[in-house]
Amino acid sequence: MEPCNSCPRRCNADRTCSEGWCRSDDRIHVSSLVIHKGEEPPVSGDKGIVNLFFPSCNMQCLYCQNWEISRLGTQGTIMTLDEVCDAIIDLLPMSEGNLGFVSPSHFVPQMVMIVYELHKRGHYPTIVYNTNGYDLPETIRSLEDIVDVWLPDFKYSDDDLAHELSDVPQYSKYALSSLKEMVHQVGTTLQTDDRGIARRGIILRHLVLPGFVENSIGVLKLISENLSPNLHISLMSQYYPPQSMDLSPPESGGVSRPPYGGSGGGGLSESEPETSKCCKAETLKPWNFEPRIATAGRARRRQTLNRPISSSEYNRVVSAFHDFGFTRGWLQDLKSQKNFRPDFSKDNPFNKEPQ
Ligand code: SF4
């Protein structure tokens with residue numbers, strides 16, 4: 001693996017012996033590998049998609065709905081290439097013949113290795129790239145012959161909000177340029193098979209956040225003006241405040257992370273998880289934690305995340321959806337707030353039955 005510059009963080013980290021901002025090394029880490037029936041209808045179909053969830057993330061959303069596996073440094077299970085491909089091949093016959101990589105932006109080389117190994121073994125599932133949207137367009141370009149269906153989020157039009165809630169700089173710029181590359185590759189028409197399963201194309205997702213309707217309307221405006229109103233949009237109302245969320249105003253010693261290779265000194269706070277052991281663990285540099293800028297205004301804004309979205313908020317975004325000329329996609333019932341809560345302590349995080 002070359003020094004890692006896969007995502008907009010551009011850490012230039014040598015992941016064979018250290019980790020970048022995402023706290024991930026060069027091995028295959030898997031949080032969950034399951035058949036998932038809760039994606040959009042052309043993705044899940046009746047039988048479901050084989051979803052491989054990677055741990056950790058190159059964003060850190062305060063409100064992450066997959067918080068159990070997305071925190072920095074979460075390791076999942078380390079699997080060999082053979083082990084992960086064996087497990088995928090076992091699951092594929094029970095699925096719609098598609099394989100989704102969830103939060104793949106910081107595990108792109110591992111994802112490519114898995115797909116090539118599956119091809120080598122004679123398996124060609126439809127590959128779905130299920131991303132938070134914080135990707136580099138050049139990385140997306142490099143995946144043109146690998147990915148069949150793009151399933152990106154477009155979370156923010158408001159970059160200040162992105163920085164505040166997800167610790168991510170310049171989100172809208174990178175998300176938009178990556179989306180343009182995806183559309184360049186597959187066009188705006190979702191190609192489905194005779195059973196209605198997506199085999200090529202793009203479905204764009206947006207999760208409406210409580211208190212931030214203008215951000216959502218801004219996202220729809222950006223898509224319609226810079227991409228196309230013909231795209232399939234999945235407009236999600238399923239937000240719920242995760243139990244992990246701490247909305248208290250950050251104090252000195254908060255968790256904002258400097259760019260990779262930050263100025264040394266400082267060190268990991270006691271509450272930070274240990275970095276993973278890799279071949280030269282002793283070469284890992286300590287992170288220097290800097291205080292987040294805390295203001296009363298920010299604390300107030302964040303407090304709105306402590307509730308589900310209201311029907312009037314969702315209806316305003318749905319009106320904007322129609323006003324900007326979108327006609328394709330999926331709207332969600334507000335009841336979905338109760339139905340889409342994964343529990344990653346279970347073998348199947350989406351199975352509501354006791355195990
Ligand atoms: S955050 Fe991770 S994936 Fe992104 S450039 Fe840094 S090491 Fe690579």
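Why does Arg23 count as buried? Select Arg23: 25 C-beta neighbours lie inside 10 Å, so Arg23 counts as buried. The cut-offs are 20 or more other C-beta atoms within 10 Å of a residue's own for buried, 12 or fewer for exposed, and partly exposed in between, with C-beta atoms placed from the backbone.

This is a predicted model, in which local features need pLDDT of at least 70, side-chain atom pairs count only at pLDDT 80 or more, and totals for chains, interfaces and linings use all residues. Residues are numbered from 1 along each chain as its sequence is written.

**Stop 1**

Arg23 sits in the segment before β1 (28-30). Helices (H or I, at least four residues) and strands (E, at least two) are DSSP runs, numbered from the N terminus. The phi of Arg23 is near 55°, a positive value in a residue other than glycine. Most residues other than glycine have a negative phi.

Now jump to Ser103. Ser103 lies in the loop between β5 (98-102) and α4 (108-120). Ser103 also has a positive phi, near 55°. Ser103 counts as buried because 23 C-beta neighbours fall inside 10 Å.

**Stop 2: the ligand**

Select the ligand and its shell. Of the 15 residues around the ligand, Cys4, Cys7, Cys11, Gly20 and Cys22 come nearest. A residue is near a molecule or strand if its C-beta atom, placed from the backbone, lies within 6 Å of it. The shell divides into seven nonpolar, six polar and two charged residues. Here Ala, Val, Leu, Ile, Met, Phe, Trp, Tyr, Cys and Pro count as nonpolar, Asp, Glu, Lys and Arg as charged, and the others, Gly among them, as polar.

**Stop 3: the parallel strands**

Start at β7 (residues 149-152). Both of its faces are covered. Val149 and Leu151 are buried on one side, and Trp150 and Pro152 are buried on the other. In a regular strand the side chains alternate between the two faces of the sheet.

β6 and β7 pair in the parallel sense over four bridges; strands pair if DSSP finds at least two bridges between them. Look for Asn130, whose bridge partner in β7 is Leu151.

Next, select β9 (residues 198-207). Two bridges join β7 to β9, and the two strands run parallel. Trp150 has Ile202 as its bridge partner in β9.

Move on to β10 (residues 232-236). Four of its five residues are buried, so β10 is largely enclosed by the rest of the structure. β9 and β10 pair in the parallel sense over five bridges. Ile203 stands opposite His232 in β10. Together, β9, helix α8 (residues 213-226) and β10 make a right-handed β-α-β unit.

Finish with β11 (residues 329-331). Three bridges join β10 to β11, which run parallel. The bridge partner of Ser234 in β11 is Trp330.

**Stop 4: two helices**

Which residues of helix α3 (residues 81-91) are buried? Colour Val84, Cys85 and Ile88, the buried ones. They cover an arc of only 95° around the axis, which puts them on the same side of α3. The arc is that of the directions from the helix axis to the C-beta atoms. On the other side of α3, Asp82, Asp86 and Asp90 are exposed.

Now select α10 (residues 311-323). Its buried residues are Glu313, Tyr314, Val317, Ala320 and Phe321. They span an arc of only 115° around the axis, which puts them on the same side of α10. The face turned away carries the exposed residues Ser311, Ser312, Ser319, His322 and Asp323. An α-helix has 3.6 residues a turn, so residues three or four places apart point the same way.

**Stop 5: two loop residues**

Select Met59, in the loop between β3 (49-53) and α2 (67-70). Met59 counts as buried because 25 C-beta neighbours lie inside 10 Å. Its C-alpha atom is separated by 9.5 Å from that of Ala162, 103 residues apart along the chain.

End at Gln243, in the loop between β10 and α9 (296-303). Gln243 is exposed, with 8 other C-beta atoms within 10 Å. The C-alpha atoms of Gln243 and Trp67 are separated by 9.1 Å, and the two residues are 176 residues apart along the chain.

Terms used: A crossover is right-handed if, with the strands pointing away from the viewer, the path from the first strand over the helix to the second runs clockwise.
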